[in-house]
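I opened this model to look up its core, its strand pairing and its surface. My entries are below the display.

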Amino acid sequence: MNNNTVISNSEVQINSHGRIYVNGKEIPCPFENPNNITVINDRVFVSGFEWKNGEWKRTIRAMWHKWI
């Protein structure tokens, strides 16, 4: 992945060091080297976790995006 790759048209950026930025604010990454990052409708999913209400939560939707 390139440094500061912009995914879709949202304000989500992910750099090669595993740092995630949403609307210009850095959010902590749940893993040092995430292997599965998905952004759908401004929702961020990382390796089976979803960024929701200011924290990472393991959700069924996040697991779905990890495996499917």
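The entries go from the core to the hairpins, then to the loops and the surface.

**Entry 1, the model.** I note at the start that this is a predicted model.

Which residues make up the largest nonpolar core? I found nine residues: Val 12, Ile 14, Ile 20, Val 22, Ile 27, Val 39, Val 44, Val 46 and Trp 56. I then looked up the strands behind this core, and β2 (12–14), β3 (20–22) and β6 (43–46) each supply at least two of its residues. In soluble globular proteins, nonpolar side chains tend to be buried together.

I picked Ile 27 and listed its contacts. Leaving out residues up to four places away in sequence, Ile 27 touches Ile 20, Val 22, Trp 51 and Trp 56.

I checked how β5 (residues 37–40) meets β6: the two strands run antiparallel and are joined by four bridges. Val 39 has Val 44 as its bridge partner in β6, and both valines are in the core list above. Two residues separate the strands of this hairpin, and Asn 41 in the turn has a positive phi of about 50 degrees.

I followed β6 onward to β7 (residues 49–52), where the pairing is antiparallel over two bridges. Phe 45 stands opposite Glu 50 in β7. This hairpin also has two residues between its strands. Ser 47 sits in the loop between β6 and β7, and its phi is near 45 degrees, positive in a residue other than glycine. Is Ser 47 buried or exposed? I read 7% relative accessibility, so Ser 47 counts as buried.

Asn 53, in the loop between β7 and β8, is not a glycine but has a positive phi of about 55 degrees. Its relative accessible area is 67%, so Asn 53 is exposed.

Next I looked at Thr 59, in the loop between β8 (55–58) and α1. Thr 59 counts as buried because its relative accessibility is 15%, and the cut-off is under 20%. Apart from residues up to four places away in sequence, Thr 59 touches Gly 48 and Glu 50; Glu 50 is the residue opposite Phe 45.

Which residues form a nonpolar patch on the surface? I found Trp 64, Trp 67 and Ile 68, with about 450 Å² of accessible area together. Trp 67 lies in helix α1 (residues 60–67). I logged Trp 67 as exposed because its relative accessibility is 59%, against a cut-off of over 50%.

Terms used
Residues numbered from 1 in each chain as written. Predicted model: local features only at pLDDT ≥ 70, side-chain atom pairs only at ≥ 80, totals over all residues. Heavy atoms only, no water. Patch = residues over 30% accessible without salt bridge, like charges linked within 9 Å, V, L, I, M, F, W, Y side chains within 5 Å. Areas by Shrake-Rupley, 256 points an atom, 1.4 Å probe, with all protein chains shown as cover. Salt bridge = Lys/Arg side-chain N within 4 Å of Asp/Glu carboxyl O. Buried < 20%, exposed > 50% of the residue type's maximum accessible area, 1.4 Å probe, protein only. Core = buried A, V, L, I, M, F, W, Y, C linked by side-chain atoms within 4.5 Å. Contact = heavy atoms within 4.5 Å. Pairing = 2+ DSSP bridges.
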